[in-house]
Amino acid sequence: MLRRRLGRSWRSSPQLAKPLVTSHRESNTQRIAGLDARAETLRLRPGMGIAEARAMHPDIDVVEADPEADRRLLEGLADWCDRYTPLVAIDGENGLFLDITGCAHLFGGEKALLADLMARFFHQGFDVRAGLASTPGAAWAAARFATGHILAPGSERNFFARLPLAALRIDARTKASLESVGLRTVGAIMDGPRAPLVRRFGTELIERLDQALGRLDEAISPRLPVAALSVERHFADPLSLIDDIERLIGLLAATLKVDLERREEGARALELLLFRVDGMVSRITVGASRPIREPTLVRRLFHERLATLGESIDAGYGFDLVRLSALSTARFDARQGDLAGEVEDGGEELAIFADRIGARLGEAAVLEPATVESHLPERAAPVRPYAQEEARKGLAGRPKREVRQAGGRPRQADRPIRLFRQPEPIDVPATEIPDGPPLNFRWRRALHRVARAEGPERIAPEWWREDADVPTRDYYRIEDAEGRRYWLYRQGLYSAKAVPRWFLHGVFA
């Protein structure tokens, strides 16, 4: 709260005069939810009524708690901690778990990593408590009861022996029950018989104890998926210009290309992480319809994306860490050129163009008809984002839809370039014969006189589907007096009880 009011340097601000507490409503009573270091020295405690706290200290500053804002802040801190390890999990309302296995050597060891983390949090205006241990339960207890402490593997039992029961992360009811029978420390539980404890207090107590001591594994679920490959660069002088970031993307992509070539893969989704000095993290993601690994292509995609974001990327005090990650990869099939150095175009240029448009305007900006096993037009060619359709087809050629005439050779189906999402009703005043094409029709309040007509092409409902109650359709290719061509159909058959309806389903180029 104070950091949001006064900025990163709130600890040394001259406006920091009154103790601050946050409140929340509990059983129709305003109670203390949290307090700062100055308020803690006044013998105030969480759960105390606000009226009682004001009676003791009238000059305290009371602010209503905002759980959603606290959650967003915690998620932002989790993003920032990704600079130390990709395995970051949120623990409750005010904690984070970082699995630094295999990462500590990058920062000079566990002690140096812990010192760097706590110093950076302090300079951002946070009062952080951290601890390192070989088990999540021991690390949780070290952070809250011995901040800054690093537990050596195998020393958990001696560490927990003197700690209160709250160090085991048990619920308040179990804790109160244990204290009522004189068990007030973890050591008292470790020395006692296990079977009576389980019968009286449940299995959670023993499970938490075994997890803390390393007898029982405890999994940490990271909040974000771990990237397949990542490359990063730290800076003593933070970057702030977009041009510098784009040049750096090319360098990082060149390093990433080496790893992708070794795995014979290409990237399908790439993410750029910009770690700001003050703790903010910007995540910028681009996708590719086909696997890529050339640095120039990667830089082009991010150039389009950065151009779209524009001023929404706030460099603030600058970025001291930039990371490029391949979120997903796929097999990359290299193509051999001929002696002249030319390679047959398999649609790569079109895919690159679509990817650049998608990076600037969004994935839905470039659409492509997909082929489905159905003879109903609206089902046979649904429109999907180009990148998704390319991923589904891989490098295979686009299948062609064919119609076989009776006694003739297969020919490409004559379908309009533009097919409406929903057929639009039209008014047909008259036809030459009941089952013939219209002489004219009215669409969108405009009358069109038919000059030429071809058809009908009858399409019956798919009787094997549950929604097979669609009436039979007779399609006509129509050209009006001004040369515009349409694709319309008559729904249903003439009978004494019903008159068919007419619809316009598409227009030709």
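Val 128 lies in the loop that separates helix H5 (110–123) from helix H6 (136–145), where helices (H or I, at least four residues) and strands (E, at least two) are DSSP runs numbered from the N terminus. This is a predicted model, in which local features need pLDDT of at least 70 and side-chain atom pairs count only at pLDDT 80 or more, while totals for chains, interfaces and linings use all residues. Residues are numbered from 1 along each chain as its sequence is written, and side-chain values use heavy atoms, with hydrogens and water left out.

Val 128 is partly exposed, with a relative accessible area of 22%; buried means under 20%, exposed over 50% and partly exposed in between (1.4 Å probe, protein chains only). Leaving aside residues up to four places away in sequence, Val 128 touches Met 118, Phe 121 and Thr 147, a contact being heavy atoms within 4.5 Å. Its C-alpha atom is separated by 9.6 Å from that of Gly 95, which is 33 residues apart along the chain.

Strand S7 (residues 265–276) and strand S8 (residues 281–292) run antiparallel and are joined by 8 bridges; two strands pair if DSSP finds at least two bridges between them. Glu 271 has Thr 285 in S8 as its bridge partner. The two strands, S7 and S8, form a hairpin with 4 residues between them, and Gly 279 in the turn has a positive phi of about 105 degrees.

| Property of the protein | Value |
|---|---|
| Buried residues | 39% of the 509 residues |
| Contacts with a separation of 6 or more that join residues 24 or more positions apart | 52% of these contacts |
| Accessible surface (Shrake-Rupley method, 1.4 Å probe) | about 29,400 Å², 51% of it belonging to carbon and sulfur atoms |
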